[in-house]
Amino acid sequence: MGRLGNFENIKNRQTIHTSNSYSVLDVEIDTDFHEACSSGLCDATEMEIPLFKYSEIPDFLQGNPYVVSGYRVSLPFNLCLKSIFKWNNETVNVWSHLGGFFIFLYLLLHDNIIYIPRFSGSYTDHVMVSLGLICYQFCMLCSAGFHMFACHSEKASKRWLAVDLAGISIGVIGCYLPAVHYAFYCLSIWRDIYLITITILTVTTMVIQLHPRYFSHRWSKWRIAIYMGLAGYGIIPTIHWIWLNGASSEIVQLFVPKVTTIYILGMIALVLYLSKFPERFYPGVFDFIGSSHQLWHIIVVCAFVFWHYAGQEILSASHIFDWVWSDIPVPVPGPGEALVKVIRAGICNTDLEIIKGYAGFQGIVGHEFIGKVEKVNPESEEGAWIGRRVAGEINVFCNVCDICKGDDYVRKRNHCPDRTVMGIVNKNGTYAEYLTLPLQNLFQIPENVTDLQACFVEPLAAACRIVEQGLVSTGEKVAIVGDGKLGLLIAEVMAQEDCHVTIFGRHWEKMNLCPEKITKVLSDGSEELINKYRDYFDVVVEVTGNMGGLMLTAEITRPLGTVVLKTTCASGGTEFNTSPFVVKEIKLIGSRCGPFANAIQFLKDGKINVDKLITKVYPFKEAINAIEHAGKKGTLKIQLKMD
Ligand SMILES: [Zn+2]
Ligand SMILES: [Zn+2]
Ligand SMILES: [Zn+2]
């Protein structure tokens, strides 16, 4: 109220001024005062902010001689702040990026509250989208701060320039983070490599700033080169990504024009910045509105907004048109085949490896399922199968090679040289609404076995393979090294064979899922542990897939004992030391896919409880989240429910 009174007072005095030629306040200042007041920040005595010409300003404020007037010089901080409500040559610079800040703040709230939940995005979606927007906001605030306060003093100008430049680095990394995360979603190694290099590059640009001459005019070209390098680096992951996806793929077609646009925007902004266009040709005309730096600011905001929406499009594309579920025609069952509608599919570690590119498989991933026979090839006269709930043996043998002509079923199943393997070798898998399999591969699931349980038939059969191979006998001491899903299943199957079973693992919470009669040992790799079990077991099953696990098996197997290898993608690291195997004359044997019938029998009789191995069941439309979840440490079985 006091202010309003004050203001009215001056207005009255101005009225006096116009009617009686009594000079109290200059009309021009009064107008400014009026504007400042209406925006809520005013103090009559402090609003006189003098503006200077380029020729009058100190060295540290010089830089663009084509902006001739409108300079603020050596203002105290509170006046710097207030000057944003008064026309000067930085007003648009400040407001363009304050406005940008509010735009990205709004997008941050909108995306987290409305947009991401709409397609039930994951926790990671929230983090990645937010990170990008927070980086943009940080960049905007740094820049607005610089343009507000640089005129305070030479020291402040240097300090704020450092902040402004750091803000640019952060803004650039904000462009990279979500883009790299989603582009290399399924290739976590490359994703990590790029994220790490980008972070290192960004930190480097910030460290270079510490050089005492960095902010001198002479270094300005180098400064620009550094930021161009930081932004230009993005071309490398882009080309890599195009190469990985194929130039003609839908996602590349969608995204490449956007990458091109952002670089073109960047180039335009840079050319304006460097050429000081348009004020170069009309010095003084664009002092307050339209100078190159202001255009640069506006283009930066537009580029960030554009990139944010481009990212959103890719994000929603990956969620709506799942890359595991594009619309393809329902497959037609070939001779001897059935068309199966998938009810549920399990996600196996092998699937995750295949998604990362292991084995070079192209097609629909997935090999654990329960389904319902919907059609059979009419020539097969096996119509009775229609409507049955089935699990399916994943190896499809050729029926014509020498092995297949013989009568060793197991040899055909596992070792036909021309076999295809569902979801792994040349045959589409289970992450789809439909699949086809030969009738000879199908096994009917008994009524009392649930869909959830039936999905475990394939991995349980793999556990039963050790028995089928005749590698264990009743009463033998058997160790399982590794407490993942398969390790737990093997431990239970071995216990069913009346072996004395010990499981070595790193997680009590997983091992404790095993029945009481199975001994659990926390495997810490200590000498003490190895000494305790040295040469102790008749049979040791290796399920860790790493060299450390394999070398532990060698220590704890008795001489003339057996080591069974159950994992296919052993990641090396240390070299394989054959000596304990040779010295102790250990039999080393591989073991892969097993008998479905035995696995189904275990489930039917309720002898093995697989329900406890479920971590979470996802609807099929959230397959991406499900796969991501399956890859997390500590996760047991993730299933997809079709519906
Ligand atoms: Zn700026
Ligand atoms: Zn599997
Ligand atoms: Zn064959």
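**View 1. Glu-492 and Lys-612 meet through their side chains in a salt bridge (2.3 Å, N to O).** A salt bridge here is a side-chain nitrogen of Lys or Arg within 4 Å of a carboxyl oxygen of Asp or Glu. Glu-492 belongs to helix 17 (residues 485-496), and Lys-612 to the loop between helix 22 (596-604) and strand 15 (614-619), 120 residues apart. Helices (H or I, at least four residues) and strands (E, at least two) are DSSP runs, numbered from the N terminus. Glu-492 is buried at 7% relative accessibility, while Lys-612 is partly exposed at 24%. Buried means under 20% relative accessible area, exposed over 50%, and partly exposed in between (1.4 Å probe, protein chains only). The model is predicted: local features need pLDDT of at least 70, side-chain atom pairs count only at pLDDT 80 or more, and totals for chains, interfaces and linings use all residues. Side-chain values use heavy atoms, without hydrogens and water, residues are numbered from 1 along each chain as its sequence is written, and chains are lettered from A and ligands numbered from 1 in the order in which they are written.

**View 2. A salt bridge joins the side chains of Glu-468 and Arg-413 (2.8 Å, N to O).** Glu-468 is in helix 16 (residues 457-468) and Arg-413 in helix 14 (residues 409-415), 55 residues apart. Arg-413 is buried, with a relative accessible area of 1%; Glu-468 is partly exposed, at 30%. Together with Arg-465, these two residues form a network of salt bridges.

**View 3. Glu-337 and Lys-427 form a salt bridge (3.3 Å, N to O).** Strand 1 holds Glu-337 and strand 6 (residues 426-427) holds Lys-427, 90 residues apart. Both residues are buried.
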